[in-house]
Amino acid sequence: MYLVIEFTFQSDKAYIATLCQAVAEKCGISLELAQSRDKLTLVLPSEDSALESFLETLENTLPASIYLKQSSHRTETEKPTLHESVTNDLPVDLSLCPTCQKEMFDVSSRRYYYPFTSCNACGGRHAFLETYPFTREKSVMKFMKPCAACEEEMRANPLRKDYPLISCIECGIPLRMVDKKSERYANDKGTYRTLFEVSARAIAKGKTVVMKTLHGYRKFYKPEGKTDPEAILFIADVNALNRHLMIVVQEFNALLSIERPLLRVATKSNEAKAHFGSSVWTKYPDDGMSMLLARELINAGLEYIVYEPCDEEEEANFLVDFDLPVTPQKDFKLFINQDTSLLIDGERSIFPQLVQEGKPGRVSVAAGLACVDTEEGKIIDRPEHFDKIPAREVYVAEGEKIVLENAKPFSVAKAAMLSVLAEHDKLHESAIGVHFDDRLHFLYYNQKEVIDVVPPKAFEADNLLTEIATLREGSDRLVENFRAKFPALYERLDNLSGEVDLFKVTAILLELENESFDGISEMALSFLGKGGMQIDTKVKDNRFNDYAFLASLMSFKLSGAEQAILCYSIYESFGDYIADIATQLLAKTKAPTLTLSGTTFANQSLWGRIQRNLALKKPLLNKNYPMGRENSVCGAQFL
């Protein structure tokens, strides 16, 4: 008899499978395992006396994951035949697994308050990578020799078997804390803990601390009054989540997952509203440095603080640093709407990524990432992590700030659509795609190429008010009335020039404090009504017209409409327009598939409208790639 356990695991990352194998080895039970893109299957002998120990240990060891949805089990008399695993065992950066966290806070451990604790299934592995393949000799720890205890652990501890980055306090990385008067070092249990105690107490007293983490330098401080829009809420005490935020179960679980995403969460308490407004980007401690700081912040009486990403030259009262160089990745943002979870943008815990298919010898570049042929397969990572980049042809995304000889430019919108189709094995079908970042594209894939069938009109902030005034009959009077009522705002809009995107212009027009897409989204979340206004999104040829859109907002602003309802209405109107055009294109082309891509879809108001209008079309989105520019690195392999 065999026990078959199936996890819905919507990723090809191998860290959960690695952990399951280590637990089985630790408990002395035979385990067969297979992983597909959507499922992780475990097969164990049901009559083995070690089974109970395995199940109990796995329950206490398995971390929460944004990809791990549910599980089921059954018994079978014959051992089932498992398919070949499709896994990506590349060194992604994660938070700590429960075993490593427990070890870091156990005073009897060799890693008590050691912030670089990690194992084969967790921790900041990519941060230490120099080049592939991932070995100690090709990491920044190559000159650090493991102590005798770590050497033995590499043989005896299944979680750290042959682990390239193994270290402890005895053989690991010391910290130092610097202020204007002194410098102190941490290199044993007592001094490590003291350093984090001093840091937390300084923050509690209103001081600032710049701390080097595995994800770059961060400036930590206690909020006083309204915080900067770039500041991120750093939760030290998990109980503060429900006290200060309007958080649903899915958001709670995601924040505490091993991937540790950034989430925009609505505020609840008056205290949080005073600091952050109606919503705030929120982070739970995501590496050893921030976890140890969080523990001492709680001891110092703080439930939360804030931080801003910075560099080591940032002015602060204290600097906590270490000498080993790390390569921080861009944090990734997650969007959650009920049972839908979408990767918005970023790198950490997503890349490096293994592309299962693609054109041999083709290198594609976008968002600072490159897809390169290696001995391990096609890998997407930063170019500096490859010893050499063999290329038969090079494709570079339009707008990328890199110049390569004989490179072919490619459309991010078209490549993004192909990345979605590739993830869902739909490259053999025709499809309609909608891509919406700062510009809105409607695309058609005919199984050979992607055609931009409704391309966006050109938009420039220069001569903005002139374009609006000449839009249609009566538009000139609208602009003059706006000038009379809002002279200062009129002058600012009239002086805009250069590369200013539509969302920034919109935020300026609506006089939002945060003049960006995020600012509009935040204000939209504060609207508590049930319906918005119909903002003009098209004038002819079914094409979105930026100037008509802005003219409509000017008209509503003149009539006294409030910021919140206007921001909410923007996304409602976009949702109706997108659904209308996509439905027409699907009917006209008879395409069976609809794809959505682009970060603008990661908005509660817009996504709700899309779900309402297009639910029956079952649109496909990226699963393992972000919705943003990063997905085009994969998609360009199929152009």
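Tyr221 stands opposite Val306 in strand S12. The pairing belongs to S8 and S12, which run antiparallel and are joined by five bridges. Two strands are taken to pair if DSSP finds at least two bridges between them. Helices (H or I, at least four residues) and strands (E, at least two) are DSSP runs, numbered from the N terminus.

The model is predicted: local features need pLDDT of at least 70, side-chain atom pairs count only at pLDDT 80 or more, and totals for chains, interfaces and linings use all residues. Residues are numbered from 1 along each chain as its sequence is written, and side-chain values use heavy atoms, with hydrogens and water left out.

Strands S8 and S12 are part of an open sheet of 11 strands. The order is S6-S5-S13-S7-S8-S12-S9-S11-S10-S14-S15, and the pairing is mixed. Strand S6 (183–186) and strand S15 (340–345) stand at the edges. Each has a single partner strand, so one side of each is left without a neighbour in the sheet. From one strand to the next, the twist averages 30°. Angles run from 0 to 180 degrees between N-to-C directions, and axes are lines fitted to C-alpha atoms, for helices over the stretch in contact.

Strand S9 illustrates the mixed pairing. With S12, S9 pairs in the antiparallel sense over four bridges. Here Leu233 stands opposite Val306. With strand S11 (residues 279–283), strand S9 (residues 232–235) pairs in the parallel sense over two bridges. Leu233 stands opposite Thr282 in S11.

Helix H9 (residues 288–299) lies across strand S5 (175–178), strand S7 (209–213), strand S8 (216–221), S9, strand S12 (304–310) and strand S13 (318–321). H9 runs at about 140° to S7. Helix H18 (residues 604–614) touches strand S14 (333–337) and S15. The direction of H18 makes about 50° with that of S14. Contact means heavy atoms within 4.5 Å.

S14 and S15 run antiparallel and are joined by five bridges. Ile336 has Ser341 in S15 as its bridge partner. The hairpin of S14 and S15 has two residues between the strands. In this hairpin, Gln338 takes a positive phi near 55°. Five of the six residues of S15 are buried, so S15 is largely enclosed by the rest of the structure. Buried means under 20% relative accessible area, exposed over 50%, and partly exposed in between (1.4 Å probe, protein chains only).

A further open sheet has four strands in the order S2-S3-S1-S4, with antiparallel pairing. Strand S2 (32–35) and strand S4 (68–76) stand at its edges. Each has a single partner strand, so one side of each lacks a neighbour in the sheet. The twist averages 15° from one strand to the next. S2 and strand S3 (residues 39–45) pair in the antiparallel sense over four bridges. Glu32 stands opposite Val43 in S3. Helix H2 (residues 51–61) lies across strand S1 (2–9) and S3, running at about 150° to S3.

Two packed helices are described by the angle between their axes and the distance between the axes. The axes of helix H14 (residues 502–509) and helix H16 (residues 546–558) come within 11 Å and cross at roughly 15°. That makes H14 roughly parallel to H16. Angles under 35 degrees count as roughly parallel, over 145 as roughly antiparallel, 65 to 115 as roughly perpendicular and the rest as oblique. H14 passes H16 in a right-handed crossing. A crossing is right-handed if the near helix is turned clockwise from the far one by less than a right angle, and left-handed if anticlockwise.

Leu502, Val505, Thr506 and Leu509 in H14 meet Asp546, Phe549, Leu550, Leu553, Met554 and Lys557 in H16. These contact residues divide into seven nonpolar, one polar and two charged. Ala, Val, Leu, Ile, Met, Phe, Trp, Tyr, Cys and Pro count as nonpolar, Asp, Glu, Lys and Arg as charged, and the others, Gly among them, as polar.

Two single residues complete the description. Ser632 lies in helix H19 (residues 631–635). At 0% relative accessibility, Ser632 counts as buried. Leaving aside neighbours within four places in sequence, Ser632 is in contact with Ala366, Phe410, Val412, Ala415 and Ala416. Arg472 lies in the loop between helix H11 (464–469) and helix H12 (475–485). Arg472 is partly exposed, with a relative accessible area of 40%. The C-alpha atoms of Arg472 and Ala548 are separated by 9.0 Å, and the two residues are 76 residues apart along the chain.
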